[in-house]
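Please examine the structure shown below.

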Amino acid sequence: MKVSVDRAVCYGSAECAHRAPSVFAFEDGYGVVRPGQEGAGEDARVREAAEKCPSQAVVLTE
């Protein structure tokens, strides 16, 4: 499962970076997936970050 952040939806709460700092970073006011971590969608912390994202910007895809 792949993880991404939809920057058009993200409003910069940094919730993803707080919940899974090894996968997400906070750059230029937005959450981003760290390079090489795009396939971390199976990680429980990443799933939690997606569920708890207030703007629903964290996207998990098959």
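How many residues lie between β2 and β3 in the hairpin that they form? There are two residues between these strands, and D28 in the turn has a positive phi of about 55°. This is a predicted model, in which local features need pLDDT of at least 70 and side-chain atom pairs count only at pLDDT 80 or more, while totals for chains, interfaces and linings use all residues. Residues are numbered from 1 along each chain as its sequence is written, and side-chain values use heavy atoms, without hydrogens or water.

Strand β2 covers residues 24-27 and strand β3 residues 30-33; helices (H or I, at least four residues) and strands (E, at least two) are DSSP runs, numbered from the N terminus. The two strands pair in the antiparallel sense over four bridges, where pairing requires that DSSP finds at least two bridges between them. Within this pair, E27 stands opposite Y30 in β3.

The charged side chains come next. A search of the whole structure finds four salt bridges, each defined as a side-chain nitrogen of Lys or Arg within 4 Å of a carboxyl oxygen of Asp or Glu. One of them joins R19 to E15, with the closest N and O atoms 2.8 Å apart. Both residues lie in helix α1 (residues 15-19), four residues apart, about one turn of the helix.

R45 and D43 also form a salt bridge, at 2.8 Å from N to O. R45 is partly exposed, with a relative accessible area of 36%; buried means under 20%, exposed over 50%, and partly exposed in between (1.4 Å probe, protein chains only). D43 is likewise partly exposed, at 23%. Salt bridges that share partners join E15, R19 and E48 into one network.
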